[in-house]
Amino acid sequence: MAKYIGRRIKRTEDPRLIKGLAHYVDDIKLPDTLHVAFLRSIYAHARIARLDTSEAAKAPGVVAVFTGEDVGEQIGPVPCASALEGLKVPDHRPLARGKVYFVGHPIAAVVATDPYAARDAVDLIAVDYEELPAVVDAEEAAKPTSPVIHEQFGDNIAYRLTAGEGDIDAALASADRVIRQRIVNQRLAPVALEPRGVLARYLPGEEELTIWSSTQIPHLLRTQLAIMLGIPENKLRVIAPEVGGGFGSKLNVYGEEALLGWISRRLGNPVKWIETRRENLQATIHGRGQVGEIEIGCKNDGTVTGLRYNVIADLGAYLQLLTPAIPTLTGLMLSGSYKIPAIQINVTGVFTNKMATDAYRGAGRPEATYVVERAMDLVAAELGLDPIAVRRKNFPRPEEFPFKTATGLFYDSGDYEAALDKALKISDYAKLREEQRRARDEGRLIGIGVSSYVEICALGPSQAMPAGGWESATVRIEPTGKVTVLTGVSPHGQGQETSFAQIVADELGVDINDVAVIHGDTSIVQYGIGTFGSRATAVGGTAVLKAVEKLKEKLNRIAAHLLGADASQLTFSEGRFSVQEAKRTTAAAVGEAPATSLPEPKTNGKRSLTLKDIALAAHLAKDLPPDMEPGLSATYFFEPKNFTFPFGTHIVAVEIDRETGEVKFLRYVAVDDCGKVINPMLVEGQIQGGIAQSIGQALYEEVVYDEQGQIVTGTLMDYAVPRARMVPRLELDRTETPTDVNPLGIKGVGEAGTIGATPAIVNAIVDALAPFGIRHLDMPIKPETIWRIVRR
Amino acid sequence: MKTTVRLRVNGVERSHQIEPRLLLVHYLRDILGLTGTHIGCDTSTCGACTVLLNGQAVKSCTVFAVQADGAEVTTIEGLARNGELHPVQEGFWEHHALQCGYCTPGMIIAAAQLLARNPSPTEDEIRHGLEGNLCRCTGYQHIVEAVQYAAQKMRERK
C-alpha cells in the first residue's frame with residue numbers, strides 16, 4: 001500500500017501560514033518602492049470633459065501622476081482570449097481615455113513615496129464628467145432602443161451564439177408537456193480574501209522586469225504582459241508568491257498588472273499597488289450574470305425529450321480574458337447528468353456599464369447545472385412525480401459510458417445512480433419525506449432538495465482550450481538526494497505542495513519532507529498553464545507522475561550500471577535499488593539457463609544502492625553508462641486526451657421560519673465522485689468551501705447595481721459573504737469511479753461544491769414552499785421574499 | 001506632525017515617531033515588518049487583521065496606532081511560545097482548517113481569544129465566536145474542528 005497517496009497527510013505548506021510567516025505580494029518589501037493609488041470613475045457611463053492632475057502632482061510625496069493620455073499606445077490592449085466568430089472586442093486600455101464605462105474604471109494613477117500620500121493625492125485630481133445614460137439591465141441592453149455603450153458597434157450585442165445537437169423544435173413539439181421558466185443566475189463577486197496586488201521592479205541595467213502578482217496563471221500572464229508592454233518575454237519574470245485565494249478572479253490579465261510594469265520602467269523604482277476591497281468589488285471580475293428562459297419537453301412518464309435555453313449573458317463594459325467564453329461552457333454542460341436527445345442554447349452576449357463578468361468558481365457550469373437541476377424539479381412538479389424518480393429515469397447507465405451528449409461532449413465515466421443511492425441512504429430520504437409530511441400537518445415548512453450534477457474538469461485537451469490545456473512538471477534529485485519538483489500549475493490554497501509531494505514521495509520511496517514543490521516563478525519553473533478549471537491535480541499531477549517515472553528509468557539504468565547488473569534484474573523499494581536474488585537462484589536450482597541469458601551481475605561487492613548514492617553518482621558523473629547525460633532531472637509535458645466528468649448528488653433538508661422567512665438547514669448530505677483521491681482531507685476542504693460559496697449564491701450574495709449603474713454592494717458590509725453560522729455542518733461521502741483520461745484516475749474537485757450545491761438548496765426551499773404554489777424562486781432567496789410568500 | 005508611540009509587541013518594547021492617523025495594522029506591517037497580520041477589507045468586516053490588544057481581539061485596521069500607546073499587542077507571529085505552536089495553530093494544521101491562508105492569522109487569533117474566554121465552547125458558540133472573521137476557502141467546518149481540537153488540548157494541558 002502506498003505510504004502517502006490516498007491518505008490524510010497534513011499539508012507541508014501550513015507551518016509558514018499558521019505562523020504568519022508566508023509572503024503574499026504586500027508582504028514583499030523592496031527598498032525605494034513607490035506606491036500607486038488609482039482615481040476610478042464614480043459614474044457608470046460618462047465623457048471625461050476635463051481631467052486636471054496638476055494639484056495632485058504637486059502634493060507632498062507625489063512622484064508622478066499618469067492618465068490614459070500619458071500612456072497612449074505604450075501599453076497594448078488588455079487581452080481577451082476568446083475567438084468566437086463575429087465577436088465585437090472593444091479597445092480596452094489600462095486607463096480610461098475620453099470616456100468611462102463602469103463605476104471603478106481606472107482614470108489616473110498617482111505614484112507617491114507612501115500609500116497614504118498616494119491616496120490623499122487622488123482626491124486632488126479634478127475631473128469634469130458629462131454623464132451619459134447608463135445601460136445597466138442586461139435585457140434592456142439587448143433591445144434596439146437601448147443607448148449604445150460602444151458607439152462604433154452600433155448596438156450592445158457583443159455576440160450571438162447557437163449551439164447544441166438534435167432537432168429541438170421537433171423534440172419540444174412531440175413532448176407531452178413543455179414547461180417554460182425564466183431563470184436568473186445573478187452576478188456574484190468572487191471575493192478572494194486577499195485582494196489583487198502587484199509589485200513591479202524594472203532593472204535598467206539588466207533590462208529585466210519582474211512582476212509579483214497575485215495571480216493563478218503566472219506563465220500566461222508573462223506572455224500577455226510581454227505583448228502588452230513590448231518587453232521580450234525572456235526579459236520578463238512573473239512571480240505569483242503566496243496567493244490568498246482566486247476562485248477564477250485571478251485567472252486573468254488586468255490592466256493594473258501591465259501599468260505597474262510600465263510605471264516601474266518609466267520611473268526606475270519598484271512600484272506597488274495593493275487593491276482595496278472597494279476596488280476589488282468594483283473592478284475585479286464578477287461571475288455568473290445570466291438571464292434566461294428554459295423550455296423543457298417531457299413525456300408523461302418523466303422522460304425528458306429536449307431542452308432549450310435562451311440566455312442573455314451580462315458581459316459588462318469590456319471583455320476580460322475569458323468573458324465571452326463563459327456562456328459557451330454553460331452550453332456544453334446543458335445535458336447535465338441526463339440523456340437529453342435534443343439540446344439548444346441561444347446566447348446573446350451584451351455589453352452593460354458594469355465590471356466584466358468572467359470565470360468565477362465553476363465558470364458557466366454552475367449556471368448550466370442550475371438550469372438543468374431546476375428543470376428536473378419543474379418536470380417532477382408538473383407531473384406530480386418524486387424528483388428522485390425523474391432523475392433516475394433520465395440517467396445514462398454505467399455501461400453507456402463514454403456517454404455522448406447532445407452538446408458534443410463524451411463523458412468519460414460515471415455511475416450516477418450509485419452516488420444518488422448513497423446520498424439517499426445517508427440522508428435517509430424516505431424518512432425525511434415522512435418527517436416533511438408530518439411537519440406539514442403541524443403547519444411547519446420543511447423542504448427537501450436534490451441535485452445530481454456532473455461537471456467538466458481537468459481542463460483540458462489543447463484543441464478545446466484558448467491557450468494550451470497541457471501541464472508541465474520537472475522532477476529533480478539534487479546531489480544530496482533531496483527532491484525538487486517544479487510544477488507549471490500555480491496553487492493558491494489547493495495544497496499541491498503536499499499532494500504532488502505525496503505522488504513523488506511514493507514513487508521514489510522517500511520521506512515527504514524530502515520533497516520540495518516549487519511553483520509560481522516563471523524564471524525557475526518551465527512554462528506551465530496554471531491553476532483553474534479543476535485541472536491542477538488531474539493534469540498537473542499527472543505531469544509530475546510522468547516526469548518521476550521518466551526519472552526512475554534513468555535511476556534504474558545508473559543503478560544497474562553501478563551494480564554491474566542488467567536493468568531488468570533490479571527491484572526498487574523504499575528508495576533502494578537491489579539486485580533481484582530470487583529469480584537467479586530459482587533458475588540455477590533447476591539447472592536451466594534463463595530464457596534471455598543475462599550476464600552474471602558484477603556487483604562490485606554491493607548488492608544495492610540508495611537513491612542518495614545514485615544521486616551523487618549522477619552528479620559526479622565519473623562512472624555513468626556510456627552516452628548517458630549527467631544529472632538527474634526529468635521534465636514532462638502532459639497533454640490530456642479528454643476532459644474528465646466528476647459527478648455526485650447533494651441532498652438538502654431545510655426548514656423555513658414562518659415568522660422571519662429565514663432558512664435553516666436541517667441536513668446537508670453530499671456524495672461526490674471525483675475519481676481517485678490523493679489526499680481525502682484536501683478533497684473534503686475543496687468540497688466544503690465550494691458548498692459554502694453555493695450557499696452564498698443561493699441565499700445571500702448578489703452584486704447589485706442601481707439604475708444609474710452605481711454599485712450598491714461596494715463593500716463587504718453590503719456584499720454578503722457567508723459567515724461561520726450561515727454554513728451548516730456538512731455530511732460528506734464519496735463514490736469512486738476512476739477515469740482512464742489520466743493514469744492517476746483523478747477527475748478534479750475544485751469546483752464541485754459550487755456546481756452541485758446551489759440547485760439542491762434552491763430546490764429544497766421551493767419544495768418547502770410548494771404548498772403556496774411556488775415552483776421557482778430567483779436567487780438570492782432572501783428571508784423577505786419567503787416571508788412575503790408565507791404571509792400572503 | 002508626528003507623535004510618539006510606545007508599546008509592547010509580542011513581548012518586545014517598541015517606540016516610533018508616527019503620523020497620528022497611522023492605523024495599527026500599518027504600523028505592525030510596514031514599520032515593524034510583522035506582515036503576518038493581513039488586510040482583507042476597508043470596513044472592519046473580514047477580520048483578517050485581528051490582533052490581541054491587551055488580551056482583547058481587535059481589528060487592527062480600525063485602531064489607530066496611537067490608540068495602542070502603552071498597550072500590549074500580540075500578533076500571529078507572537079502566538080507560538082519557545083518554538084512550540086499554540087494549540088489553535090496545531091489544530092488548524094491537524095484539521096486542514098486553512099487553504100489559501102490569508103484569513104488564517106486573524107482567524108487563529110480570534111479563536112485563541114474565544115478559548116481564553118470560554119474553554120469548552122459548543123459548536124454553535126464557536127461559529128458565533130468567529131462571526132467577525134470571514135473565510136472564503138474552507139466553509140468553516142474544518143475551522144470549527146480545529147478549535148474543538150485546541151479546546152481539548154488546552155483542557156488536557158491544564
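**Note on a predicted two-chain model**

1. The C-alpha centres of domain 1 and domain 2 of chain B are separated by 22 Å. This is a predicted model. In the domain assignment of chain B, domain 1 covers residues 3-77, and domain 2 covers residues 87-157.

2. The two domains of chain B touch each other: 14 residues of domain 1 of chain B are in contact with eleven residues of domain 2 of chain B. On the domain 1 side, the most is given by strand 3 of chain B (residues 50-53), which supplies three residues. By class, this side of domain 1 of chain B has seven nonpolar residues, seven polar residues and no charged residues.

3. Chain B also meets chain A. Here 40 residues of chain B are in contact with 42 residues of chain A. On the chain B side, the elements giving two or more residues are helix 2 (87-94), helix 3 (104-117), helix 4 (123-129) and helix 5 (141-157) of chain B. Helix 2 of chain B gives the most, with four residues. The side of chain B that touches chain A divides into 17 nonpolar, 17 polar and six charged residues.

4. Why is helix 1 of chain B described as largely enclosed by the rest of the structure? Of the eight residues in this helix (residues 24-31), six are buried, so helix 1 of chain B is largely enclosed. The buried residues are Leu24(B), Val25(B), His26(B), Tyr27(B), Leu28(B) and Arg29(B). Strand 2 (12-18) and strand 3 of chain B are included in what covers them. Just after helix 1 of chain B, Gly33(B) has a positive phi of about 75°.

5. Strand 2 of chain B contains His16(B). Is His16(B) buried, exposed or partly exposed? There are 15 other C-beta atoms within 10 Å of His16(B), and this residue is therefore partly exposed; a residue counts as buried at 20 or more such atoms and as exposed at 12 or fewer. Apart from neighbours within four places in sequence, His16(B) is in contact with Val5(B) and Ile31(B). His16(B) and Lys153(B) are 137 residues apart along the chain, and their C-alpha atoms are separated by 38 Å.

6. Arg182(A) lies in strand 8 of chain A (residues 177-188). With 11 other C-beta atoms within 10 Å, Arg182(A) is exposed. Between Arg182(A) and Thr407(A) there are 225 residues in sequence and 21 Å in space, taken from C-alpha to C-alpha.

7. Two packed helices are described by the angle between their axes and the distance between the axes. In chain A, helix 16 (residues 536-563) and helix 18 (residues 611-620) pack at an angle of about 90°, and their axes are 10 Å apart. This angle makes helix 16 of chain A roughly perpendicular to helix 18 of chain A. From helix 16 of chain A, the residues Leu555(A), Ile558(A), Ala559(A) and Leu562(A) meet Ile614(A), Ala617(A) and Ala618(A) of helix 18 of chain A. The contact has seven nonpolar residues, with no polar and no charged residues.

8. A final point concerns confidence. Chain A has a mean pLDDT of 96, and 97% of its residues reach 70 or more. Over residues 583-594 of chain A, however, the pLDDT is below 50. Beyond near neighbours in sequence, this stretch of chain A has two contacts in the model.

Methods. Residues are numbered from 1 along each chain as its sequence is written. Chains are lettered from A and ligands numbered from 1 in the order in which they are written. This is a predicted model: local features need pLDDT of at least 70, side-chain atom pairs count only at pLDDT 80 or more; totals for chains, interfaces and linings use all residues. Domain bounds come from an automatic or database domain assignment. Two residues are in contact if their C-beta atoms, placed from the backbone, lie within 7 Å. Ala, Val, Leu, Ile, Met, Phe, Trp, Tyr, Cys and Pro count as nonpolar, Asp, Glu, Lys and Arg as charged, and the others, Gly among them, as polar. Axes are lines fitted to C-alpha atoms, for helices over the stretch in contact, and angles run from 0 to 180 degrees between N-to-C directions. Angles under 35 degrees count as roughly parallel, over 145 as roughly antiparallel, 65 to 115 as roughly perpendicular and the rest as oblique. pLDDT is the predictor's confidence in each residue, from 0 to 100.
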